[in-house]
Amino acid sequence: MVKFSVNGQPVEFNADPDTPLLWVLRDSLGLTGTKYGCGRAQCGACTVHINGEPEFSCSVKVADVSGKRISTIEGLAATNPVAKAVKGAWIDKDVVQCGYCQPGQVMAAVALLAKNKSPSDADIDAAMEGNLCRCGTYPRIREGIKTAAAALTKKTPGSVS
């Protein structure tokens, strides 16, 4: 039996410990906001936070999360200022096109801004490079991250501090 927490709730998983975390989240827990993309840790659609770090849940065995904290897109609390800033920026900048990759994009952006509230373009590129968007919304994703960063630091984009 593997014990861990998902979005602050304790979970006990009693099946094959080699099961990918993604399938536990989607099939066993019904948390379908985490998307199945490539299944090979190459697209980022399945990004979740494991102890606060972004990880591709399709490539993590459930046995490897024993005792760890998992956060999914459903668990991004509205009271979390970083999550609130990212969600607001995504809406404000109309980031989403088809939307399929966006839960993973948002999870990666929240992880970036939780550590770095004023990321450079290079920081954004490095943090988001594992998250692919078939619609090509990368310019809007970058603008959304900058808008969220500005909201977190109470600066307007382009201002000098």
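This is a predicted model: local features need pLDDT of at least 70, side-chain atom pairs count only at pLDDT 80 or more; totals for chains, interfaces and linings use all residues.

Trainee: Which residue in β2 is the bridge partner of S5?

Mentor: Look at the hairpin that β1 and β2 form, with two residues between them. In the turn you will find N7, whose phi is positive, at about 50 degrees. Across from S5, the bridge partner in β2 is P10.

Trainee: Which strands stand at the edges of the open sheet?

Mentor: Let's follow the order of its five strands, which is β2-β1-β5-β3-β4, with mixed pairing. A strand at the edge has a single partner strand, so one side of it is left without a neighbour in the sheet. That picks out β2 and β4 (53-56).

Trainee: By how many degrees are neighbouring strands of this sheet turned against each other on average?

Mentor: This value is an average over neighbouring strands, with direction ignored. The strands are turned against each other by 40 degrees.

Trainee: What is the bridge partner of I50 in β5?

Mentor: Here we look at β3 and β5 (residues 69-71), which pair in the antiparallel sense over two bridges. Helix α3 (residues 102-115) lies across β3, β4 and β5, and runs at about 35 degrees to β3. Within β5, the partner of I50 is I70.

Trainee: What kind of aromatic pair do W23 and Y36 form?

Mentor: A search of the whole structure finds one aromatic pair. The ring centres of W23 and Y36 are 5.1 Å apart, with 35 degrees between the planes. Planes under 30 degrees apart count as stacked and those over 60 as edge-to-face, so this pair falls into the remaining class: tilted.

Trainee: How many residues apart in sequence are the parts that this pair ties together?

Mentor: W23 is partly exposed at 31% relative accessible area, and Y36 is partly exposed at 36%. W23 lies in helix α1 (residues 21-28), while Y36 is in the loop between α1 and β3 (47-50), so the pair ties together parts whose separation in sequence is 13 residues.

Trainee: Is T137 buried or exposed?

Mentor: T137 sits in the loop between α4 (121-128) and α5 (138-153). Leaving out residues up to four places away in sequence, T137 touches V95, Q97 and Q102. Its relative accessible area is 2%, and under 20% counts as buried, so T137 is buried.

Conventions
Residues are numbered from 1 along each chain as its sequence is written. Side-chain values use heavy atoms; hydrogens and water are left out. Helices (H or I, at least four residues) and strands (E, at least two) are DSSP runs, numbered from the N terminus. Buried means under 20% relative accessible area, exposed over 50%, partly exposed in between (1.4 Å probe, protein chains only). Contact means heavy atoms within 4.5 Å. Two strands pair if DSSP finds at least two bridges between them. Rings of Phe, Tyr and Trp (its six-membered ring) pair if their centres lie within 6.5 Å; planes under 30 degrees apart count as stacked, over 60 as edge-to-face and the rest as tilted. Axes are lines fitted to C-alpha atoms, for helices over the stretch in contact, and angles run from 0 to 180 degrees between N-to-C directions.
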